[in-house]
Amino acid sequence: LGQWAATKLTCRPKLLNAAAQGDVRLEHRFSDKDRLFWSFSIRDNTQIAPMNLPGIPFGGYFSDLQLRPQVFRGQHMGLAETHVFSPRLVNEFRIGYNRFFYTAAALSSGVNLGAKYGIPGIPDFGDLNGLPSIGTTGLTGVGEPLTSHRGQNVRQVLDNVSYISGRHAWKFGFDHRRTEFNFRQGNSSQGSFSYTGVFTND
């Protein structure tokens, strides 16, 4: 005990937060009355939290979703056409698409840790492999209780007409958007074990 009391443990974990972004924009003028505009943007963001316990495989593998490697991707594309019919009448047409996707990956990088550590009956799920969820009363749980994949798509069509009549300016049109949200989350796909001490009175 005296030896451990004199030992000072120091840990300076680092969070990886890497981002990459690209943008493309094109604009073409067909004439003084007709213009076309197109743009595309993409952004990737990867976040990897530091391991809980350095030197221990997978950092102790605590069952916290925020400790998994997380990948975010956002994409946007837009197309717009502006046409001048007359100095008093202008039409603007736009279409757009936005997509956001999020993945919380497994710490095991596809390794079936249940089978590796001798736990029978754990199926192989490829990239979704991991350590079974193990909970013990009074202790922090380990394993992967779930994996998460989320995606959102937004499609938009818009048209505006601007008209000037004397001292009045009129603007009308429509804006249609379709939002789609996809969510896939596995619950204890590698198995779940719970130890409460009910039968052993521990």
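This is a short tour of one protein model, from the overall fold to a few residues. The model is predicted.

Start with the whole chain. The protein has 2 helices and 8 strands. From the N terminus, the order reads α-β-β-β-β-α-β-β-β-β. Of its 202 residues, 22% count as buried. The accessible surface is about 13900 Å², and carbon and sulfur atoms hold 58% of that. Now the contacts. Take those with a separation of 6 or more: 64% of them join residues 24 or more positions apart.

Find Asn45 in strand β2, residues 34-48. Is Asn45 buried or exposed? Its relative accessibility is 11%, under the 20% cut-off, so Asn45 counts as buried. Which side chain makes a polar contact with the side chain of Asn45? That of Asn17, at 2.7 Å. Setting aside neighbours within four places in sequence, Asn45 also touches other residues, including Ala18, Gln70 and Phe72.

Phe72 takes us to the aromatic rings. The whole structure has 3 aromatic pairs. In one of them, the ring centres of Phe72 and Tyr102 are 5.0 Å apart, and the planes sit at 40°, so this pair is tilted. The pair links distant parts of the chain: Phe72 is in strand β3, Tyr102 is in strand β4, and they are 30 residues apart. Tyr102 is buried, at 6% relative accessibility. Phe72 and Tyr102 form one aromatic cluster with Phe100.

Last stop: Phe181 and Phe183. Their rings form a stacked pair, 6.5 Å centre to centre, with 15° between the planes. Phe181 is exposed, at 54%. Phe183 is partly exposed, at 45%.

Conventions. Residues are numbered from 1 along each chain as its sequence is written. This is a predicted model: local features need pLDDT of at least 70, side-chain atom pairs count only at pLDDT 80 or more; totals for chains, interfaces and linings use all residues. Side-chain values use heavy atoms; hydrogens and water are left out. Helices (H or I, at least four residues) and strands (E, at least two) are DSSP runs, numbered from the N terminus. Buried means under 20% relative accessible area, exposed over 50%, partly exposed in between (1.4 Å probe, protein chains only). A polar contact is a pair of N or O atoms within 3.5 Å; within protein, one must be able to donate a hydrogen and the other to accept it, and residues adjacent in sequence count only if both atoms are side-chain atoms. Contact means heavy atoms within 4.5 Å. Accessible areas come from the Shrake-Rupley method with a 1.4 Å probe; for residues, only the protein chains shown count as cover. Rings of Phe, Tyr and Trp (its six-membered ring) pair if their centres lie within 6.5 Å; planes under 30 degrees apart count as stacked, over 60 as edge-to-face and the rest as tilted.
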